[in-house]
Amino acid sequence: MKQTKLKIGDLAKVRDRVRRTAALRQGKARAKITVHMGTCGIAAGARDILSVLLEEIRMKKLDDVIVSTSGCAGLCSREPMATVEITGKPPIKYVDLTREKIKKILDQHVINGKTVSDYALAVGSEMTH
Amino acid sequence: MRCGTRYAMKTAAVSCWRNDLDDLSLHVLDILENSTAAGATEIEVRINEDIDENLFTIEIEDNGKGMDQLNLSQSRDPFFTTKDTRRVGLGLSMLAQACGEAGGNLEIRSEPGRGTVIKASFVYRHIDRKPLGSMAETIAALIAGSAGAVRLVYRHCRGNREFIFDTAEITKTLDGVAINHPEILSFIKEAIESGLESLSERSNG
């Protein structure tokens with residue numbers, strides 16, 4: 001059996017680069033994005049949404065944004081879903097995501113602080129007039 | 001709330017029937033999510049492409065909380081779940097379905113307090129065997145979600161070649177830098193892709 005191990009050489013370089021930029025940031029993350037990764041989410045494309053999100057955050061060098069995953073939120077028919085939490089603001093749940101939608105949410109909500117109402121699960125509640 | 005649950009149940013059952021997990025790496029991610037939800041701190045994924053024997057196997061072993069006999073016997077039933085967000089389970093039943101469609105089967109061994117071993121087998125060249133898809137993305141997704149709380153070993157054999165990936169090695173080299181940083185995840189993804197490519201290179205013995 002011929003074994004191949006991970007080529008670890010370049011990891012030290014990446015580590016040092018990350019360490020330099022991370023040192024610039026003091027304090028906690030400003031935003032957290034949770035991608036729902038239950039069976040329903042995965043079947044609807046959640047892994048793809050996560051990949052796009054991570055790649056965008058990497059390219060835009062957003063060092064104050066955390067990405068995480070969670071399980072099924074009970075709204076399987078509206079997957080893929082993601083929840084955006086900005087420190088001090090109520091969490092917003094986005095539904096029926098696509099690659100384009102998550103990019104827009106990152107730019108408009110996470111970076112510029114404006115909720116993308118069109119993609120949110122609900123805005124306000126029970127207004128009757 | 002009850003209305004929402006009922007609606008979710010209906011649509012979830014429909015997608016179970018359609019089986020939207022298009023490739024096996026998505027099934028693997030789904031099982032890995034089960035393992036982390038079961039509190040696993042160590043997970044090993046073993047994929048074996050035994051071309052000579054025309055056999056494809058995927059084994060996932062974790063040290064999570066495991067299942068008792070009752071849960072184990074029901075785990076393949078799509079209408080069984082232990083979670084409270086929806087009233088149907090889907091993951092294992094869909095994997096069992098994918099195995100069955102490709103001439104294989106799904107074995108589940110589990111012991112409360114010890115962990116669970118899932119073994120999915122398929123006829124390698126069966127026309128209905130789903131493609132593997134991107135294991136690099138699946139591994140990166142698990143690491144992004146577990147943020148270093150899980151040690152993951154991934155071994156992939158094809159013929160007489162084996163690729164081994166171990167997050168413990170990465171963590172050691174990272175020396176305190178977060179493994180779920182997007183730059184690190186991007187490195188991991190590329191490293192796994194090139195590692196798996198090396199399995200296809202022509203071997204001289």
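User: What makes chain B and chain A count as being in contact, with 50 residues of chain B and 38 residues of chain A involved?

Analyst: Contact means heavy atoms within 4.5 Å, and 50 residues of chain B meet 38 residues of chain A on that rule. Do keep in mind that this is a predicted model, where local features need pLDDT of at least 70, side-chain atom pairs count only at pLDDT 80 or more, and totals for chains, interfaces and linings use all residues. Residues are numbered from 1 along each chain as written, chains are lettered from A, and side-chain values use heavy atoms, without hydrogens and water.

User: What does it mean that the two chains bury about 4100 Å² between them?

Analyst: Buried area is the accessible area (1.4 Å probe) that two parts lose on being put together, summed over both. Here chain B and chain A lose about 4100 Å², 60% of it on carbon and sulfur atoms. In chain B, T173(B), E183(B) and F187(B) lose the most, together 15% of what that side buries.

User: Why is the pair E183(B) and R17(A) called a salt bridge?

Analyst: The term needs a side-chain nitrogen of Lys or Arg within 4 Å of a carboxyl oxygen of Asp or Glu. The closest N and O atoms of E183(B) and R17(A) are 3.1 Å apart, so the pair qualifies. The count between the chains is four salt bridges.

User: How do you know that β1 of chain A pairs with β6(B)?

Analyst: Strands (DSSP runs of E, at least two residues) pair if DSSP finds at least two bridges between them. Four bridges join these parallel strands, so they pair. Within this pairing, Q3(A) stands opposite E162(B).
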